[in-house]
Number of protein chains: 2
Amino acid sequence: MELLIPLDSESKMPLYEQIYRHIRKEIREGALGAGEKLPSSRILAENLKVSRSTVQMAYDQLLAEGYMETIPCRGCFVSRIEGLVGVEAVGQQGGKLTDGEESAGRDFPNPSDRGFSEKGNPLIDFSPRGIDLEKFPFSVWRKLNRDILVDGNRELFQAGDPRGELSLRREIRTYLHSARGVNCQEDQIIVGAGSEYLLMLLSRILGPKHRIAMENPTYKQAYRVLSGEGYDVVPVDMDHSGMRADLLKKSGADIAYVMPSHQYPMGVVMPITRRQELLAWAWREEERFIIEDDYDSEFRYKGIPVPALQGMDQKERVIYMGTFSKSIAPAIRVGFLVLPRTLLPLYRERAAFYASTVSRIDQNVLCQFMVGGHYERHLNRMRALYRGKHDALLTALKPLEREFEIQGENAGLHVLMTSRKGIAEERLVELANEMGVKVYGLSAYFIRQEQNHYPPTVILGYASLTIEQIQNGASQLLRAWKDVEKC
Amino acid sequence: MELLIPLDSESKMPLYEQIYRHIRKEIREGALGAGEKLPSSRILAENLKVSRSTVQMAYDQLLAEGYMETIPCRGCFVSRIEGLVGVEAVGQQGGKLTDGEESAGRDFPNPSDRGFSEKGNPLIDFSPRGIDLEKFPFSVWRKLNRDILVDGNRELFQAGDPRGELSLRREIRTYLHSARGVNCQEDQIIVGAGSEYLLMLLSRILGPKHRIAMENPTYKQAYRVLSGEGYDVVPVDMDHSGMRADLLKKSGADIAYVMPSHQYPMGVVMPITRRQELLAWAWREEERFIIEDDYDSEFRYKGIPVPALQGMDQKERVIYMGTFSKSIAPAIRVGFLVLPRTLLPLYRERAAFYASTVSRIDQNVLCQFMVGGHYERHLNRMRALYRGKHDALLTALKPLEREFEIQGENAGLHVLMTSRKGIAEERLVELANEMGVKVYGLSAYFIRQEQNHYPPTVILGYASLTIEQIQNGASQLLRAWKDVEKC
């Protein structure tokens with residue numbers, strides 16, 4: 001088949017993105033059907049009179065997002081994608097987290113909800129921790145598990161590589177490269193049981209004497225772990241672009257822990273200029289590092305995904321951290337570090353003796369989940385699903401837009417609402433609770449309360465709620481907050 | 001049925017042990033057949049004119065070892081035990097560890113063997129790290145996995161209790177109580193991905209300022225982890241009873257890390273008197289603790305198992321550590337801590353926010369493996385299997401007994417051979433290697449080489465070898481070492 005793609009060389013949009021968007025549109029609208037073969041990148045490049053790498057970038061993106069699949073030695077084909085178009089009806093059970101689980105998702109200091117408000121009304125909980133497990137491809141996961149546990153695989157019960165299975169690290173590398181622009185080799189990847197463990201391991205590699213700057217407010221769970229490791233952790237204020245580079249310089253820190261793709265909790269997507277400033281800071285002195293926590297980079301609703309900071313780093317100073325907790329499920333307990341090459345000798349000396357914390361069976365199941373394209377398809381489904389919930393929430397909150405500013409809505413699984421009238425955070429939380437709706441105050445995310453200079457803001461996570469719950473919850477919030485005056 | 005058990009009240013052997021041994025013998029010899037119901041402890045106690053708790057202790061031991069099973073509300077029954085009697089023929093593949101796995105089993109500083117000697121001869125590797133996976137009940141594990149991954153179990157993909165699944169902690173508690181005499185509640189148990197991670201977590205609970213005494217020689221992997229945590233680790237010499245209590249007192253340590261059930265690498269089983277001395281040391285001052293690493297307590301060839309130190313501790317000063325790495329498989333990555341109640345407030349304050357490092361699916365598979373009696377049966381099989389290998393090795397080494405003293409042979413999965421003539425360790429290793437046999441020098445297990453006051457000693461692990469390999473290896477050792485003189 002021949003693809004006719006109208007390219008505009010005057011446009012600000014890069015050519016690869018125009019190609020990617022065109023093909024994606026054709027697939028979404030059904031003009032390109034499941035199973036249809038796509039032209040090779042060489043042929044399409046010739047037809048479009050662009051370089052082959054331009055086409056390859058577009059293809060990589062489509063592959064990463066699961067729109068296309070490769071069959072070895074045969075070519076690229078349009079994937080079978082269910083439920084991509086429009087908003088899906090979602091089942092009753094939203095996959096809400098129960099308590100005792102505080103530490104696995106993004107943290108929250110009040111884990112004691114049991115699905116009911118204090119008055120006994122059914123509670124709609126806009127927890128920023130939850131994810132939706134309704135669409136998890138359970139039968140695929142089960143089948144992969146069964147396939148891996150065949151008798152011939154006895155060696156899987158022997159101890160494996162401390163860094164994780166090579167096959168899995170290869171898949172992670174390929175995925176990170178195409179979906180996140182991360183450049184690394186397999187030997188830079190360390191698979192481990194969750195980001196907390198990986199931070200503990202990283203602290204063994206980095207050694208004890210560092211000052212670590214964290215965004216203010218930040219992901220408190222990481223703060224607790226890094227403080228527990230004995231580091232001097234200093235909060236650095238943010239502006240609308242993320243961590244302020246001028247304050248970082250003044251902080252005396254030699255390591256910066258940042259979440260450029262979707263800061264938690266502020267939802268800021270760090271623009272390219274700030275990324276460059278942070279990299280320049282790291283490059284200026286020997287032994288400075290940036291820890292890039294890319295935890296929910298998979299979900300983005302506006303613009304195309306911003307590549308990771310790691311991919312821009314020319315001096316091996318970025319330590320990249322990722323996890324499958326949000327994109328697959330919290331309980332599979334698999335995350336990974338991508339170490340810059342500068343740290344590999346230290347890893348070998350100080351931390352290579354730590355055995356892997358993830359069972360080889362689980363690693364192999366995850367690997368096959370990726371190899372078989374299930375991961376990309378799953379992400380695709382989840383993107384569509386979360387986009388639907390995201391849109392439903394924003395639509396339902398529209399009547400409040402004169403009273404509240406909504407932020408952080410371009411990516412991730414939560415939004416922030418800031419009261420334009422200055423109604424206190426505790427009051428907003430309490431009024432919502434009286435209507436059977438649980439929302440979360442921003443103040444809990446500050447390392448030091450006195451450094452909270454933000455106007456009153458609450459956080460609404462929507463991942464674990466159904467569209468119906470989101471709409472009901474939002475209309476209760478309307479009743480709770482509409483026309484409330486500052487007292 | 002009525003059991004006629006001849007009891008000798010004059011014997012030094014406790015009554016419960018006589019009962020236990022009699023019933024075990026009857027089961028082993030087939031006089032009591034699989035599925036046969038045993039009398040209740042009350043009835044047997046009446047018949048034998050002993051206290052009910054005496055019978056219960058015997059029953060607990062038989063249950064723990066898998067000779068008996070309980071069916072709720074129906075009673076106790078003789079288990080179906082395969083391959084208990086005599087030595088089994090073992091398959092070709094001994095489940096040998098390949099390299100890159102150093103850190104998961106007991107460590108060894110020379111991981112680079114690839115199954116061949118330097119001269120290219122096939123190598124018989126008496127690695128002290130290996131375990132035998134030939135008899136692993138693969139199909140049971142697969143079936144449990146499949147059963148757990150049913151659609152209804154969707155919640156298993158949500159994050160779970162940071163301490164581990166309650167159901168699994170219950171099983172561990174029951175097992176530890178009956179098989180190891182450990183007294184604890186479920187809330188004292190923390191499940192984690194391997195003993196290295198658990199030591200890291202423990203260091204978060206204990207805080208940074210401690211001096212830790214370790215046996216000299218010791219398990220170097222634990223030494224590396226504890227040093228990596230920044231502790232001042234001091235080696236304390238051993239005698240034939242284990243760590244010397246007098247030297248421990250002088251060491252200035254406030255924490256002692258010991259392996260009382262089968263010291264690694266010396267193989268010493270700590271007698272009751274030394275255990276009491278260590279406990280007295282811990283009790284004497286506030287904030288002193290003993291870390292009891294009970295890693296291969298499951299395998300014992302002489303005498304009945306010595307209960308854990310933890311069970312003798314009346315002041316909540318023993319931190320018990322166990323693992324399924326040796327008893328099931330290294331790659332399942334499940335170990336556990338049993339915290340004394342005195343440490344629970346510190347755990348809650350400093351470490352309860354660390355999410356569990358073991359996937360809930362794996363935890364549930366392991367739990368069902370225990371609930372269904374598979375673990376006990378597996379241990380039973382492995383005991384018989386390892387006993388066969390142990391006996392074969394000792395028999396085959398007999399011709400060397402005038403030249404070597406053999407130690408540590410009462411338990412565990414390795415023995416030590418000390419040259420009575422003072423032939424240097426390196427020479428023994430080299431001579432063996434020339435005959436295609438790999439043995440391991442004791443000197444690698446000392447934290448500081450200058451503190452090795454032992455006569456030249458090598459270590460032979462036999463778990464991953466077949467009986468035939470053990471016999472061939474031993475006869476090569478005879479050729480290598482017989483009549484060698486000190487040069």
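Pro265(B) sits in the loop between β9 (255–258) and α9 (272–284) of chain B. Helices (H or I, at least four residues) and strands (E, at least two) are DSSP runs, numbered from the N terminus. The peptide bond from Tyr264(B) to Pro265(B) is cis, with omega near 10°. This is a predicted model, in which local features need pLDDT of at least 70, side-chain atom pairs count only at pLDDT 80 or more, and totals for chains, interfaces and linings use all residues. Residues are numbered from 1 along each chain as its sequence is written, chains are lettered from A and ligands numbered from 1 in the order in which they are written, and side-chain values use heavy atoms, with hydrogens and water left out.

Chain A also holds a cis peptide bond, between Asn216(A) and Pro217(A), with omega of about 5°. Pro217(A) belongs to the loop between β6 (211–216) and α7 of chain A. Glu316(A) lies in the loop between β10 (289–293) and β11 (318–323) of chain A.

The same surface serves both copies: 100% of the contact residues of chain B recur in chain A. Contact means heavy atoms within 4.5 Å.

At the interface, 56 residues of chain B are in contact with 56 residues of chain A. The two chains bury about 4,700 Å² between them, 61% of it on carbon and sulfur atoms. Buried area is the accessible area (1.4 Å probe) that two parts lose on being put together, summed over both. In chain B, Phe138(B), Arg154(B) and Phe157(B) lose the most area to chain A, together 17% of what that side buries.

The structure holds 44 salt bridges over all chains. A salt bridge is a side-chain nitrogen of Lys or Arg within 4 Å of a carboxyl oxygen of Asp or Glu. Glu165(A) and Arg360(A) form one of them, at 2.7 Å from N to O. This pair links distant parts of the chain, 195 residues apart. Glu165(A) is in the loop between α4 (138–148) and α5 (166–180), and Arg360(A) is in helix α11 (residues 360–371). Across the interface of chain B and chain A, the rule finds 2 salt bridges. Arg204(A) forms a salt bridge with Glu229(B), with the closest N and O atoms 2.7 Å apart.

The largest pocket has a volume of about 1,100 Å³. On a 1 Å grid over the protein atoms alone, a pocket is an open set of points where a 1.4 Å probe fits, with protein on both sides within 12 Å along at least five of seven lines; lining residues have an atom within 4 Å of a point. Grid points are joined across faces, edges and corners, and the volume is the space filled by probe spheres set on the points. Of the 41 lining residues, Gly228(A), Glu229(A), Ser203(B), Arg204(B) and Arg350(B) are the closest to the centre. The largest share of the lining, 5 residues, comes from α10(B).
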